[in-house]
Amino acid sequence: MRSDVWIVIGGMALATYLTRAPLMLILARRPLPHRLRLWLRLIPLAVLPALAVPLIVLDHGRLAVSTTHPPLWGAAVVLVLAACRVNLLVTVAVAVGVVALVRALG
Amino acid sequence: MSAPRALRDGVVASLVVAPSVFVYGTVFGGLAVQAGLRTIETLGMSLLVFAGAAQFAAVPMLGAGASSLTIVLTTYVINMRHYLMAATLAPAFRGFPRRWVALVAHGINDESFAIAVARRNPPDPWFFIGSVLAVCGSFVAGVLVGTLLGGLVADPARWGLDFAFPAVFLALAVSQLHSRADWLAALVSAVLALGIALVLPGNWHIVITGVGVSTVGALVLDRDAA
């Protein structure tokens with residue numbers, strides 16, 4: 001396994017770089033057409049909920065929608081605080097605390 | 001905004017995820033050493049690959065003697081979401097030397113993308129670089145500590161630290177909602193991603209939702225909405 005480890009790391013590094021660099025280099029070169037700019041503006045609107053929601057609602061790949069699932073309490077806290085425009089650091093700290101608390105009590 | 005100021009702001013704005021990134025770095029470092037990797041290999045992977053989810057997936061596969069090709073392909077699929085982030089970030093780096101862009105691209109990560117793009121889209125390039133430095137620094141420092149001491153926190157979830165990541169993504173998603181179309185796009189994305197995550201493993205839900213919703217939105221929305 002020893003010599004293979006660096007080969008695997010190199011392969012992983014290359015595979016990952018191929019997901020990061022090409023579009024960054026191509027799209028940074030020239031002004032973009034209007035539709036493409038609109039498309040790029042919408043990507044975070046789609047990606048942020050897609051990153052967040054499964055992490056909150058799924059537990060080991062299954063739906064976990066019940067009051068005994070601590071991340072739901074954390075998400076409720078985040079939604080309220082974020083809607084009130086509370087600072088991100090405070091929002092996250094409170095949410096993390098609530099999740100830890102609910103887990104400790106549960 | 002001046003470059004040093006934006007760089008500093010990017011670092012400061014990313015401190016919100018730094019503790020969780022650091023602790024998960026220690027967990028990764030500890031697991032990697034347990035699985036038989038040396039400190040130098042674990043650090044090398046963290047600097048050269050710098051993609052937490054893929055690294056957590058790779059270590060047990062390495063330990064179990066999976067083929068190199070399988071591990072590399074798994075890494076690629078887990079990281080395909082970077083294509084979307086790279087496309088979104090690229091316009092911020094117009095006029096930058098290509099070597100710089102090639103280097104900055106290596107730093108793309110979920111947290112820096114979320115924090116920088118939620119503030120402004122396209123983001124301030126130096127703000128993004130500052131965020132990458134903070135996230136990368138926290139992660140690599142955590143990995144180093146983890147390889148030397150083992151995971152510091154046996155179960156980060158017990159302290160709610162796992163929840164810092166969805167909390168940041170969710171709070172930033174809320175901060176992006178300005179128009180009715182934004183709400184619609186975000187709600188559709190949430191439901192779609194959940195549905196896909198229930199049936200497909202890995203990170204396909206992020207890739208498919210990201211491409212699908214933004215493409216439909218760009219085709220349907222009024223030109224003036226941009």
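Entry 1: For "buried" I used 20 or more other C-beta atoms within 10 Å of the residue's own, with C-beta atoms placed from the backbone; helices are DSSP runs of H or I, at least four residues, numbered from the N terminus.

I note that this is a predicted model, in which local features need pLDDT of at least 70 and side-chain atom pairs count only at pLDDT 80 or more, while totals for chains, interfaces and linings use all residues. Residues are numbered from 1 along each chain as its sequence is written, and chains are lettered from A and ligands numbered from 1 in the order in which they are written.

**Entry 2: Val168(B).** Which residues does Val168(B) contact, leaving aside its neighbours within four places in sequence? I found Val92(A), Val16(B), Val17(B), Glu111(B) and Ala114(B), where contact asks for C-beta atoms, placed from the backbone, within 7 Å.

**Entry 3: where the chains meet.** I then took the two chains together and found 63 residues of chain A in contact with 82 residues of chain B. On the side of chain A that touches chain B, α1 (2-27), α2 (34-57), α3 (70-83) and α4 (88-105) each supply at least two residues, and α2(A) gives the most, with 23 residues. By class, this side of chain A has 50 nonpolar, seven polar and six charged residues; Ala, Val, Leu, Ile, Met, Phe, Trp, Tyr, Cys and Pro count as nonpolar, Asp, Glu, Lys and Arg as charged, and the others, Gly among them, as polar.

**Entry 4: domains.** For chain B, the domain assignment, which is automatic or from a database, gives domain 1 (3-158) and domain 2 (177-226), and their C-alpha centres lie 24 Å apart. Five residues of domain 1 of chain B are in contact with six residues of domain 2 of chain B. On that side of domain 1, α5 (68-79) and α6 of chain B each supply at least two residues, and the residues of this side divide into four nonpolar, no polar and one charged.

**Entry 5: helix α6 of chain B.** I finally checked helix α6 (residues 81-89) of chain B, which is largely enclosed by the rest of the structure because eight of its nine residues are buried. Among them are Arg81(B), His82(B) and Leu84(B).

Note on methods
Buried ≥ 20, exposed ≤ 12 C-beta atoms within 10 Å, placed from the backbone.
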